[in-house]
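Got your viewer open and ready to click? Let's walk through this one a selection at a time.

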Amino acid sequence: MERNQKLFCSITRTKILLVLKFLLSLFSILFFSNAVFGQQEDSTFSKSSLLVLPIAYYTPETNIALGIGGIAYYNFGKNRKETRPSSAYFYASYTLNNQVIIDLPFHIFTNEEKWYGTGEVAIYDFPFKFYGVGCEIDPSSYEAYFLKQLKVYGSLYRKIKGNWYVGSRVWVDHLSEINYEEQGHISMLELSGKNGGTSAGIGLGILYDSRRNVYSPKQGWYIELSYLNYGIDKLNLSGFHNIKADIRNYTRLTKTTVLATNFYGNFNLGNVPFYMLAEFGGLFRMRGYYRGSYRDENVVILQTEIRQDLIGRFG
């Protein structure tokens, strides 16, 4: 009975988190699409803007929860038609059961896009799901675990020619506490990092980005290849190497129809902590699968979808 209650709590809270992210992502697409198109058509379009949304909900598991979310953009370009707007999403919530979510992803373009910075700062004190490691798992069976996590990552790219950029990357994941069932699946497995730890990687990246509108692309390519080395002993629970490939293409089929295709590969070599394993599923890749439904050292994803505008910015 107690196990079922914990699992139900995890489902409810996770759905809340996903709904909040979805709503803010939806607002960002509508909000920033209008901003980008407006700047392309009218150089007097607002150089900056801010949208703030209150967050409030109640469930028996979380008690009353209050928070704030929003979207901000600012264009650093002297000629705004040649510089895409920079943006930051932010959302934070706190429940009377002392559960916390704080998330701040951002994208920054300097004047004429000579420099491009992107990253995220996130704090979680929240439940998650563990289905197991590898492909031989039961997707209907999972274990709820609770963690306190600080995640910070970022990339800084310098334009070298046309739409090509090169730069450096850093990624830090710190888990100060992980709580799971004493006789549960996690406790039975020999998993590096199941009692917490830190992983800090530094590396390089190369980027090609020909999308004019990064928030709701209609055409263009996005290609990012990166390497991270988690080999500094004093900063890492265990040493490993990570290589990622993220290739996206957007093709306009009609005035209101776009074909979007994405190839994503996440490859690890070494002793990888379970919280740094490659994951399958989530809000943006293989939607319909919970993030982490499948996790292992490596993952390869190929997905495609047709995006259809219906009314205005809605589709």
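Start inside: select Tyr145, Leu147, Phe274 and Met276, the residues with the most contacts within the largest nonpolar core, which has 21 residues. Nonpolar core here means a set of buried Ala, Val, Leu, Ile, Met, Phe, Trp, Tyr and Cys residues joined through side-chain atoms within 4.5 Å, and buried means under 20% relative accessible area, with exposed over 50% and partly exposed in between (1.4 Å probe, protein chains only). Now colour strand 5, strand 6, strand 7 (164–179) and strand 9 (220–230), the elements that give two or more residues to this core. Strand 5 gives the most, with five residues. Strands, like helices, are DSSP runs numbered from the N terminus (E, at least two residues; helices are H or I, at least four).

Before going on, keep in mind that this is a predicted model, where local features need pLDDT of at least 70 and side-chain atom pairs count only at pLDDT 80 or more, while totals for chains, interfaces and linings use all residues. Residues are numbered from 1 along each chain as its sequence is written, and side-chain values use heavy atoms, leaving out hydrogens and water.

Zoom in on Leu147. Which residues does Leu147 touch, leaving aside its neighbours within four places in sequence? Show Tyr124, Asp125, Phe126, Phe128, Leu175, Glu177 and Ile178; contact means heavy atoms within 4.5 Å. Apart from the core you began with lies another, of ten residues, including Ile71, Val214, Tyr215 and Tyr222.

Next, the surface. Select Ile102, Leu104, Val121, Ile123, Leu150 and Val152, which make a nonpolar patch of about 400 Å². Such patches take residues with over 30% relative accessible area and no salt bridge, with nonpolar side chains (Val, Leu, Ile, Met, Phe, Trp, Tyr) joined within 5 Å. Strand 4, strand 5 (115–130) and strand 6 (143–161) each supply at least two of the patch residues. Click on Ile123 in strand 5: its relative accessibility is 36%, so it counts as partly exposed.

Move to Pro105 in strand 4 (residues 100–109). Pro105 is buried, at 15% relative accessible area. Beyond its neighbours within four places in sequence, Pro105 contacts Ser87, Ala88, Tyr89, Gly119 and Glu120.

Last stop: Ser93, in strand 3 (residues 86–95). Buried or exposed? Ser93 is buried, with a relative accessible area of 5%. Leaving out neighbours within four places in sequence, its contacts are Tyr57, Leu66, Gly67, Gln99, Val100 and Ile101.

Technical notes: Patch = residues over 30% accessible without salt bridge, like charges linked within 9 Å, V, L, I, M, F, W, Y side chains within 5 Å. Areas by Shrake-Rupley, 256 points an atom, 1.4 Å probe, with all protein chains shown as cover. Salt bridge = Lys/Arg side-chain N within 4 Å of Asp/Glu carboxyl O.
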